[in-house]
Amino acid sequence: MRLLVLPLLAGLVPLLAVPATAQAAAGCSGRPAKTVEFSTGELRVYKSRAQACAVTVAKKPGKRRTMSVTLQARGGRAVTDKGSYTKMAGPVTVSALNRCVRATGAIGKKSGSTGWILC
């Protein structure tokens, strides 16, 4: 009996850990490091131990429009996601172990940026 219960309980643990909607809404793992608001949306930057991640999220999702997010670690190449989206551009991720990063997000002609952070 005990051999049957343990696999069943192990299968429930991932369901109880983190709600899928919270992870999907953010698009990035790690802790929130910086949020920059601008008129049409916001740029969100997250930091885990070795990586930084960024997304651009629309204030009013629904209508397709040009959105972009760019993330660059100091000394590295910028990573960009640009396209026609309804809700969010990204996520983009860079290796950021002991490195500063900068991010820029844009929706339409409005944008926001962080400057160098996480130094």
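**Whole chain**

Start with everything shown as a cartoon. The model is predicted. The protein chain holds 2 helices and 8 strands. Follow the sequence and the pattern reads α-α-β-β-β-β-β-β-β-β. Switch to a surface view next. The accessible surface of the protein chain is about 7600 Å², and 58% of that belongs to carbon and sulfur atoms. Of the 119 residues, 33% count as buried. Now consider contacts between residues at least 6 apart in sequence: 46% of them join residues at least 24 apart.

**The open sheet**

Select E1, E2, E3 and E6. These 4 strands make an open sheet in the order E1-E2-E3-E6, with antiparallel pairing. Look at the two edges. Strand E1 (31-38) and strand E6 (88-95) each have a single partner strand, so one side of each is left without a neighbour in the sheet. Neighbouring strands here are turned by 15 degrees against each other on average, direction ignored.

For a landmark, pick Thr-35; Arg-44 in E2 stands opposite.

Show the cysteine side chains. There are 2 disulfides. With the bonded cysteines numbered in sequence order, the pairing is 1-2, 3-4.

Zoom in on Cys-28 and Cys-53. A disulfide joins them, with an S to S distance of 1.9 Å. The torsion about this S-S bond is about -65 degrees, so the disulfide is left-handed. Cys-28 sits in the loop between helix H2 (20-26) and E1, while Cys-53 is in strand E3 (residues 51-58), so the bond ties together parts that are 25 residues apart in sequence. Are these two cysteines buried or exposed? Cys-28 counts as buried, at 4% relative accessibility. Cys-53 counts as buried too, at 6%.

Move to Cys-100 and Cys-119. Their sulfur atoms are 2.1 Å apart and form a disulfide. The torsion about the S-S bond is about 135 degrees, so this disulfide is right-handed. Cys-100 lies in the loop between E6 and strand E7 (101-107), and Cys-119 in the segment after strand E8 (110-113), so parts 19 residues apart in sequence are tied together. Cys-100 is buried, with a relative accessible area of 11%. Cys-119, at 71%, counts as exposed.

**The nonpolar cores**

Hide the surface and select Leu-43, Ala-54, Leu-71 and Val-101. These residues have the most contacts inside the largest nonpolar core, which has 19 residues. Which elements give two or more residues to this core? They are E1, E2, E3, strand E4 (65-73), E6 and E7. The largest share, 4 residues, comes from E4.

**Last stop: Leu-71**

Center on Leu-71 and leave aside its neighbours within four places in sequence. Its contacts then include Ala-52, Cys-53 and Ala-54.

Note on methods. Residues are numbered from 1 along each chain as its sequence is written. This is a predicted model: local features need pLDDT of at least 70, side-chain atom pairs count only at pLDDT 80 or more; totals for chains, interfaces and linings use all residues. Side-chain values use heavy atoms; hydrogens and water are left out. Two strands pair if DSSP finds at least two bridges between them. Axes are lines fitted to C-alpha atoms, for helices over the stretch in contact, and angles run from 0 to 180 degrees between N-to-C directions. A disulfide is a pair of cysteine sulfur atoms within 2.5 Å. Buried means under 20% relative accessible area, exposed over 50%, partly exposed in between (1.4 Å probe, protein chains only). A nonpolar core is a set of buried Ala, Val, Leu, Ile, Met, Phe, Trp, Tyr and Cys residues joined through side-chain atoms within 4.5 Å. Contact means heavy atoms within 4.5 Å. Accessible areas come from the Shrake-Rupley method with a 1.4 Å probe; for residues, only the protein chains shown count as cover.
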